[in-house]
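Subject: Handover of a model

Hi,

Here is the structure I promised to pass on. Please load it before you read the notes.

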Amino acid sequence: MSNDFDPEPLIVSWVDKISPYIPGEQPQTKDWVKLNTNENPYPSSPKVKKAIQEQLGKLRLYPEPQSKSLRQAIAEKFHLSTSEVIIGNGSDNILDMITRSFVGLGQAGHTVPSYSLYPVVVGLSGGDLINIPFDKSMDLPIEAIAKTPASIFFLTNPNAPTGVGFSIEHIEELLKKMQGILVVDEAYIDFGGISSAALIPKYKNLIVVQTFSKAYSLAGLRVGYALSHSSIIKVLDRVRDAYNVDRLAQVGALAAIKDISYWEKNCQRIIETRLKVEAKLEGLDWFTYKSVSNFLFTQPKNNKGVTGSRVAKSLYEFLKSKRILVRYFDAYALTCSFLRVSIGTDNQMKNFFEGIELWHNQEQQN
Ligand SMILES: Cc1ncc(COP(=O)(O)O)c(C=O)c1O
């Protein structure tokens, strides 16, 4: 084969059309206040490190393919059986397995705005994605969702990037009305939301997806899981890569889920900081959605009391120039005048408010 070989004509047509998922920036130096990717600012349980260290001598061997011990521990936590649990290489891997199993060249749905990976996994499987918009209230559009012909509907609860949580009554109403499978993505559920996991024994068309990345401070380990009726888990297991969760990830996540008091304290600290930050933003008279997650979606106001995309972008860029990273979503009218701010340590949040003060001061001078 000559060196002028061009793979372009061989690309699968739907892969060719995909815009890849753009993760938040991960600067490689330490001097940043990183409030852009909803990571947990606190370390994981010390028991995780110990469990991982004990495995380091065994890396020659493949991991247990089904992550059996971890499935067992998660099943116990949610009062389910192991046949109702599957483990993924991060919950992103679970979302991809769900799409490959139940969407294919068909249709999936999601709300707008929500997690920007859904269009990518649906696109990769060759399917179409139906957009159901929120209005400014961010209330769950139950009737519109129920009417979609999609085989899978992705619902992020609490929603991202707003942090708004949905009630179990509304989710149950939706489950009763819809034809397809409801995937409730609960990546941020442990910061004050109400999980739909308790509905699993009652509704066969429900998949609940959770992760170790946020509440357990293990984003770098890549472990997520799904809870659902065994008939759905069985299908997901068919498309799962044989060794999808590595040896270190399995034991690390297992140690984390067993350290219940550490996890509870970790979540509580974030909730307490979030409440303080919320109150301070209210003091600035910035509209902020009521969050039950580890981030806040707030609409910055400049000195003249003006909001809008230019104001939000100006603050985003100013903060970045001070090495404070938050997230700005310019794609939608409902999001472009807001910033999403992850809840960090109290000290990081102090830096964030100092950044706002400097921004206001420099505006005054201009
Ligand atoms: C709504 C939502 N779901 C899933 C994920 C992915 O989590 P994981 O790290 O488990 O792949 C994220 C990550 O930020 C998220 O925001």
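The notes below go through the model part by part.

First, the ground rules. This is a predicted model, in which local features need pLDDT of at least 70 and side-chain atom pairs count only at pLDDT 80 or more, while totals for chains, interfaces and linings use all residues. Residues are numbered from 1 along each chain as its sequence is written.

**Domains**

The domain assignment gives domain 1 (24-42 + 261-365) and domain 2 (46-258). Such bounds come from an automatic or database domain assignment. The centres of domain 1 and domain 2, taken over C-alpha atoms, are 26 Å apart. Across the boundary, 24 residues of domain 1 are in contact with 22 residues of domain 2. Contact means that the C-beta atoms of two residues, placed from the backbone, lie within 7 Å.

On the domain 1 side, helix 10 and strand 10 each supply at least two of the touching residues. Helix 10 gives the most, with five residues. This side of domain 1 divides into 13 nonpolar, seven polar and four charged residues. Nonpolar covers Ala, Val, Leu, Ile, Met, Phe, Trp, Tyr, Cys and Pro; charged covers Asp, Glu, Lys and Arg; the others, Gly among them, are polar. Helices (H or I, at least four residues) and strands (E, at least two) are DSSP runs, numbered from the N terminus.

Seven strands form an open sheet in the order 2-8-7-6-5-3-4, with mixed pairing. Two strands pair if DSSP finds at least two bridges between them. Strand 2 (85-88) and strand 4 (128-133) are at the edges with a single partner strand each, so one side of each has no neighbour in the sheet. From one strand to the next, the twist averages 25 degrees. Axes here are lines fitted to C-alpha atoms, for helices over the stretch in contact, and angles run from 0 to 180 degrees between N-to-C directions.

Now the pairings:

- Strand 6 (residues 181-185) and strand 7 (residues 206-211) are parallel, with four bridges. Asp185 has Val209 in strand 7 as its bridge partner.
- Strand 3 (residues 107-112) and strand 5 are parallel, with three bridges. Gly109 has Phe153 in strand 5 as its bridge partner.
- Strand 5 and strand 6 are parallel, joined by five bridges. Leu155 has Val184 in strand 6 as its bridge partner.

Helix 3 (residues 68-77) packs on this sheet and touches strand 2 and strand 8 (224-228). Its direction makes about 125 degrees with that of strand 2.

Why is strand 5 (residues 152-156) described as largely enclosed by the rest of the structure? Five of its five residues are buried. A residue is buried if 20 or more other C-beta atoms lie within 10 Å of its own, exposed if 12 or fewer, and partly exposed in between, with C-beta atoms placed from the backbone. Ile152, Phe154 and Thr156 point one way from strand 5, whereas Phe153 and Leu155 point the other way. In a regular strand the side chains alternate between the two faces of the sheet.

Three strands form another open sheet in the order 9-10-12, and the pairing is antiparallel. Its edge strands are strand 9 (287-288) and strand 12 (339-342), each pairing on one side only. Strand 10 (residues 295-299) joins strand 12 through four bridges. Phe297 stands opposite Arg340 in strand 12. Helix 10 (residues 260-283) lies across strand 9 and strand 10, at about 5 degrees to strand 10.

Thr288 sits in strand 9. Thr288 counts as buried because it has 21 C-beta neighbours inside 10 Å. Not counting residues up to four places away in sequence, Thr288 touches Glu278, Leu281, Leu296, Phe297 and Thr298.

**Asp135**

Asp135 is in the loop between strand 4 and helix 6 (142-147). Asp135 is exposed, with 8 other C-beta atoms within 10 Å. Asp135 and Leu334 are 199 residues apart in sequence, yet 7.9 Å apart in space, C-alpha to C-alpha.

**The ligand**

Which of the 13 residues around the ligand come nearest? They are Gly90, Ser91, Asp92, Thr211 and Ser213. A residue counts as near if its C-beta atom, placed from the backbone, lies within 6 Å. The shell divides into four nonpolar, seven polar and two charged residues.

Best wishes
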